[in-house]
Amino acid sequence: MDFNVKKLASDAGIFFTRAIQFTGEKFGQVEKTELDAHFENLLSRADSTKNWTEKIFRQTEVLLQPNPSSRIEEFLYEKLDRTVPSRPNNEELLGHYMQDAAKDFGPGTPYGSTLIKVGDCERRLGSVQREFLQTSAIGFLTPLRNFLEGDWRTISKERRLLENRRLDLDSCKARLKKAKLAESKAAVTSCCGDAVPDFQETRPRNYVLSASASALWSEEVDKAEHELRVAQTEFDRQAEVTRLLLEGISSTHVNHLRCLHEFVEAQTAYYKQCHLHMQDLQKELDRFPNVFAGNPGHSMASGGSSPLDPASAVETDTLKIEEVQAPATGTRKAKVLYDYDAADTSELSLLADELITVYTVPGMDSDWLVGERGNQKGKVPVTYLELLS
């Protein structure tokens with residue numbers, strides 16, 4: 001118990017000395033040991049790395065999981081060292097709803113069959129997204145978190161210890177300076193006559209009443225010089241440890257650069273897969289344009305065939321594009337809005353922003369036109385075109 005009390009008193013004394021030194025530095029009343037320019041640059045670079053890594057980490061979390069409640073839930077499960085329950089994401093949930101709706105409306109109906117196709121695509125998109133989130137969390141978020149919660153905490157701890165060592169060093173410098181000043185005063189006074197030491201100002205620890213003031217201050221100077229040497233050694237050792245850790249920030253940048261490349265690759269693969277799935281879905285729907293015609297009643301009222309009329313489908317299928325001739329009047333220019341890959345030889349592939357000539361032929365569905373590009377000819381979907389006057 002006695003040892004603990006002594007240690008507590010010693011720690012309190014050190015803390016009080018550091019507080020006095022720190023306050024004096026803030027008011028410009030005492031000198032402060034400055035670090036060299038290289039060390040200051042390392043500190044500034046480390047602080048910048050920490051701040052930007054933290055911002056990138058937080059924003060990446062928002063990108064991967066926009067729902068704040070879900071992020072908080074995942075954080076709590078992680079802190080409790082428990083597995084986050086698996087739940088369908090938004091795309092998967094939408095796909096389930098569409099397919100359930102198709103069962104209710106009838107999978108054989110045009111709307112129901114389309115819902116099944118789109119719902120299946122949405123579920124595949126959800127699966128791709130889930131894989132992307134998992135890859136990004138492991139390959140990008142985890143290294144950033146490890147730096148913030150591991151390496152940076154170690155650096156911060158050593159920096160605080162270095163600051164304490166610097167305060168101790170500067171306190172020793174101030175104590176030595178004061179002791180030398182008092183010693184010189186005592187030496188001058190002793191030359192002029194006996195002098196009484198100033199106990200209130202100097203407070204020497206091992207003062208011997210029989211000794212002269214000059215001898216007492218010489219002893220105090222020796223003691224202060226010894227403490228200064230010890231403080232300087234500890235400061236230099238801690239500065240070296242901290243410097244090595246700060247120089248390790250370069251390795252951190254290299255590691256984060258590699259992780260960033262992996263994140264970009266994962267993101268590229270994710271969007272590419274999404275694009276391919278949507279292209280496949282679009283092709284499936286474009287092969288059966290009558291299934292989702294915009295207004296069946298309008299076609300019937302204008303004398304056209306019903307979208308579900310088998311005769312109309314047969315007439316379109318048996319139409320030989322190569323035998324179709326452009327009418328003398330009624331041709332128009334059209335600008336292609338999106339890329340389109342022909343599903344068969346009767347269709348014409350399109351490239352976005354190109355200009356083609358289009359026209360209608362009797363018996364052809366209203367959702368399609370015949371398009372010509374030089375010597376090439378084929379059916380093209382109206383929804384991919386912007387008709388020009």
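Figure 1. Helices (H or I, at least four residues) and strands (E, at least two) are DSSP runs, numbered from the N terminus. Helix 2 (residues 37-64) has 28 residues and should span 40 Å at 1.5 Å a residue, which agrees with the 40 Å between its end C-alpha atoms; the expected span is 1.5 Å times one less than the number of residues. The buried residues of helix 2 include Phe39, Leu42, Leu43, Phe57 and Leu64, where buried means under 20% relative accessible area, exposed over 50%, and partly exposed in between (1.4 Å probe, protein chains only). Residues are numbered from 1 along each chain as its sequence is written. Because the model is predicted, local features need pLDDT of at least 70 and side-chain atom pairs count only at pLDDT 80 or more, while totals for chains, interfaces and linings use all residues, and side-chain values use heavy atoms, with hydrogens and water left out.

Figure 2. The side chains of Glu163 and Arg166 meet in a salt bridge at 2.8 Å, N to O, the term denoting a side-chain nitrogen of Lys or Arg within 4 Å of a carboxyl oxygen of Asp or Glu. Both residues lie in helix 5, three residues apart, about one turn of the helix; Glu163 is partly exposed at 31% relative accessibility, whereas Arg166 is buried at 3%. In helix 7 (residues 213-247), Glu247 and Arg243 are four residues apart, again about one turn of the helix, and their closest N and O atoms are 2.6 Å apart in a salt bridge. Glu247 is partly exposed, with a relative accessible area of 30%, and Arg243 counts as partly exposed at 21%. Salt bridges that share partners join Glu163, Arg166 and Asp170 into one network.

**Figure 3. Antiparallel pairing around strand 1 and strand 2.** Strand 1 (residues 332-336) pairs in the antiparallel sense with strand 2 (residues 355-359) over four bridges, pairing being assigned if DSSP finds at least two bridges between two strands. Strand 1 also pairs in the antiparallel sense with strand 5 (residues 385-387), over three bridges. Ala334 has Ile356 as its bridge partner in strand 2 and Leu387 as its bridge partner in strand 5. Strand 2 is joined to strand 3 (residues 368-373) by three bridges, and the two run antiparallel; here Thr357 has Glu372 as its bridge partner in strand 3. The side chain of Glu372 also meets that of Lys377 in a salt bridge (4.0 Å, N to O).

**Figure 4. Asn164 and Phe235.** Asn164, which lies in helix 5 (residues 110-192), is partly exposed, with a relative accessible area of 26%. Although Asn164 and Phe235 are 71 residues apart in sequence, they are 8.8 Å apart in space, C-alpha to C-alpha.
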